[in-house]
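I would like running paragraphs with the cut-offs stated.

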Amino acid sequence: MAERDSDRSVSQTVRAQLRLRDLILSGDLRPGERISELQAVETTGASRTPVRMALVRLEEEGLLEAIPSGGFTVKAFSERDVLDSIELRGTLEGLAARFAAERGVSSRDLEPLKGCLDEIDGLVQQDRISIEAFSSYVTLNARFHALLTELSRSPPLIRQIDRASALPFASPSGFVMTQSELPQAHETLLIAQDQHRVVIDAIENREGARAEAIMREHARLASRNLRLVLKNKTYFDLLPGLALIRTAGD
C-alpha cells in the first residue's frame, strides 16, 4: 500500500512538473510572475506534496527562482545565460567524445550511431526540408547525442551532460524547430550532419583531441542559431519559450 502511494506521488509530481513547464515555455506564465504552491495546486490538480516537489525540480532546471517570502517566480534569462549553457553542454559532450576515442569503441558499438546518421542523411539530403522532416530530425539528433554520450562509458559524465542538457534551451535540439524557418536552415543541417560524421571518424581512429574539438564546435551551431533567431522575433511562435530570453536591447 505504501509503495503504491509512493508511485502515485511520483506520478503526480511528474505530471505537475510537465504541466507547469508547459505553462512557462508557452508564455502563459510570464517572466517575473509569482507562482505560489496553492496556485500550482489549483492549476495542476495535484496535491500539495507532489506540487512542492515539482516546483523544486523546475527551480533545479532553472525555470523558476525561489523568493524569500515564499513561492517562486518565473525566471528570465539573458542571452549570455543561454549561450553559456550551450557552451557548457558542448564542453561536456566534447569530453564524452574524447573519452570514447581514447578508451576505444568497437565497430559494433558504433553501428547504432551510424544507422542513426544514415536516417538523418535521408532527411538533410532532401531539396526542400519540410516541418515534418525537421521534427524527425529533432528525434534522430537527440538519439545520436544520447548514443554518443553513452560511448564515454562514464556514468558521472553522463549524469552531468543530462543535467546540462536540461538547462533551458541548452539541449542539442533546443533551436532546431526555430531553425526550420531560417534562410540558412538547410545549410546548417548539412554542416551539423557533416560534424556528426567527422566525430564518429575521429572516435573510430582514436583521435581524442580531434573528437573533443569537433563536439565543442558542433554545440556552437546552436549558439549561432540562437543569435539568428533573436534578431527576428517573428520566429518566436516556433519556440514560445524564447520570450523568457532577455536580449541586450530589451
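This is a predicted model: local features need pLDDT of at least 70, side-chain atom pairs count only at pLDDT 80 or more; totals for chains, interfaces and linings use all residues.

Residues are numbered from 1 along each chain as its sequence is written, and side-chain values use heavy atoms, with hydrogens and water left out.

The chain holds 10 helices and five strands; these are DSSP runs numbered from the N terminus, with helices being H or I of at least four residues and strands being E of at least two. Of the 250 residues in the chain, 46% are buried. Buried stands for under 20% relative accessible area, exposed for over 50%, and partly exposed for what lies in between, with a 1.4 Å probe and protein chains only. The accessible surface of the chain is about 12,600 Å², and carbon and sulfur atoms account for 50% of that surface. Such areas come from the Shrake-Rupley method with a 1.4 Å probe, and for residues only the protein chains shown count as cover. Among contacts between residues at least 6 apart in sequence, 75% join residues at least 24 apart, where contact means heavy atoms within 4.5 Å.

The axes of helix H4 (residues 79–103) and helix H9 (residues 185–204) cross at roughly 35° and come within 7 Å. On the H4 side the contact is made by Ala97, Ala100 and Ala101, and on the H9 side by Val199, Ala202 and Ile203. By class, this contact of H4 with H9 has six nonpolar, no polar and no charged residues. The axes are lines fitted to C-alpha atoms, for helices over the stretch in contact, and the angles run from 0 to 180 degrees between N-to-C directions. For the classes, Ala, Val, Leu, Ile, Met, Phe, Trp, Tyr, Cys and Pro count as nonpolar, Asp, Glu, Lys and Arg as charged, and the others, Gly among them, as polar.

Helix H4 also contains Ser85. Ser85 counts as buried because its relative accessibility is 14%. Beyond residues up to four places away in sequence, Ser85 touches Leu167 and Ala170. Another serine, Ser223, is in helix H10 (residues 208–230). With a relative accessible area of 7%, Ser223 is buried too. Neighbours within four places in sequence aside, Ser223 is in contact with Leu83 and Ile86.

Not counting residues up to four places away in sequence, Gly104 touches Phe99, Arg153 and Arg206. The C-alpha atoms of Gly104 and Gly208 are separated by 9.7 Å, although the two are 104 residues apart along the chain.

Two of these partners of Gly104 are arginines. Arg153 is found in the loop between H6 and H7, and Arg206 in the loop between H9 and H10. Neither is a glycine, yet phi is positive at about 50° for Arg153 and at about 60° for Arg206. Arg153 is partly exposed, with a relative accessible area of 47%, whereas Arg206 is exposed at 51%.

Helix H5 contains Glu119, which is partly exposed at 44% relative accessibility. Leaving aside neighbours within four places in sequence, Glu119 is in contact with Leu140 and Arg143.

The second largest pocket has a volume of about 220 Å³. Of the 15 residues that line this pocket, Ala142, Ala146, Asp162, Ser165 and Pro172 are the closest to its centre. Helix H6 (131–150) and helix H7 (155–166) each supply at least two lining residues, and H6 gives the most, with six. The lining divides into six nonpolar, six polar and three charged residues. On a 1 Å grid over the protein atoms alone, a pocket is an open set of points where a 1.4 Å probe fits, with protein on both sides within 12 Å along at least five of seven lines, and lining residues have an atom within 4 Å of a point. Grid points are joined across faces, edges and corners, and a volume is the space filled by probe spheres set on the points.
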